[in-house]
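User: Hi! I am new to reading protein structures. Could you walk me through this one?

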Amino acid sequence: MYDQINSGFIFVAGIFYVLNLFKLIKDKDVKGISKLSICFFSVWNIWTLFFFLMVSEFWWTIAAYGIVAVLNVVYIILMIKYTRKKTIDIS
């Protein structure tokens, strides 16, 4: 039961990541957030996924972290793409 509760929180976090992705795609710009914090929390999320895979059998939590890790990687890729495009457009 604790695994399902924990994974529920992570799945909700995933919904917020999706909303952030939609906003990023719409704006085609990273606004109002620290790019460094996005990178840090993404790396932390990927580490947490690896950690849970190595030390536990909380499969719901592992699945939730897997989804959020993929969303984080997509966000970083788009963040780099739009930041580079903005830099090129300014030049």
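This is a predicted model: local features need pLDDT of at least 70, side-chain atom pairs count only at pLDDT 80 or more; totals for chains, interfaces and linings use all residues.

User: How many residues does helix 1 have, and how far does it reach?

Analyst: A helix span can be set against the span expected at 1.5 Å a residue. Helix 1 covers residues 2-27, which is 26 residues. From first C-alpha to last, helix 1 reaches 38 Å, close to the expected 38 Å.

User: Which residues in helix 1 are buried?

Analyst: They are Asp 3, Ser 7, Ile 10, Gly 14, Leu 21 and Leu 24.

User: Where is Thr 61, and is it buried or exposed?

Analyst: Thr 61 sits in helix 3, which runs over residues 59-90. To read burial, look at the relative accessible area: under 20% means buried. Thr 61 has a relative accessible area of 1%, so Thr 61 is buried.

User: What is Thr 61 in contact with, leaving aside its neighbours within four places in sequence?

Analyst: Thr 61 is in contact with Asp 3, Asn 6, Ser 7, Ile 10 and Phe 52.

User: How many aromatic pairs does a search of the whole structure find?

Analyst: The search finds eight. Take Phe 40 and Phe 41: their ring centres are 5.2 Å apart. Planes over 60 degrees apart count as edge-to-face. The planes of Phe 40 and Phe 41 are at 80°, so this pair is edge-to-face. Phe 41 is partly exposed, because its relative accessible area is 41%.

User: Which residues do ring pairs link into a cluster?

Analyst: Trp 47, Phe 50, Phe 51, Phe 52, Phe 58 and Tyr 65 are linked that way.

User: Now the whole chain. How many helices and strands does it have?

Analyst: The protein chain has three helices and zero strands, so from the N terminus its elements read α-α-α. Its C-alpha atoms fill a box of roughly 55 × 20 × 15 Å along the principal axes.

User: What share of the residues counts as buried, and what supplies the exposed area?

Analyst: Of the 91 residues, 30% count as buried. The protein chain exposes about 6,600 Å², and carbon and sulfur atoms supply 75% of that area.

Key. Residues are numbered from 1 along each chain as its sequence is written. Side-chain values use heavy atoms; hydrogens and water are left out. Helices (H or I, at least four residues) and strands (E, at least two) are DSSP runs, numbered from the N terminus. The expected span of a helix is 1.5 Å times one less than its number of residues. Buried means under 20% relative accessible area, exposed over 50%, partly exposed in between (1.4 Å probe, protein chains only). Contact means heavy atoms within 4.5 Å. Rings of Phe, Tyr and Trp (its six-membered ring) pair if their centres lie within 6.5 Å; planes under 30 degrees apart count as stacked, over 60 as edge-to-face and the rest as tilted. Accessible areas come from the Shrake-Rupley method with a 1.4 Å probe; for residues, only the protein chains shown count as cover.
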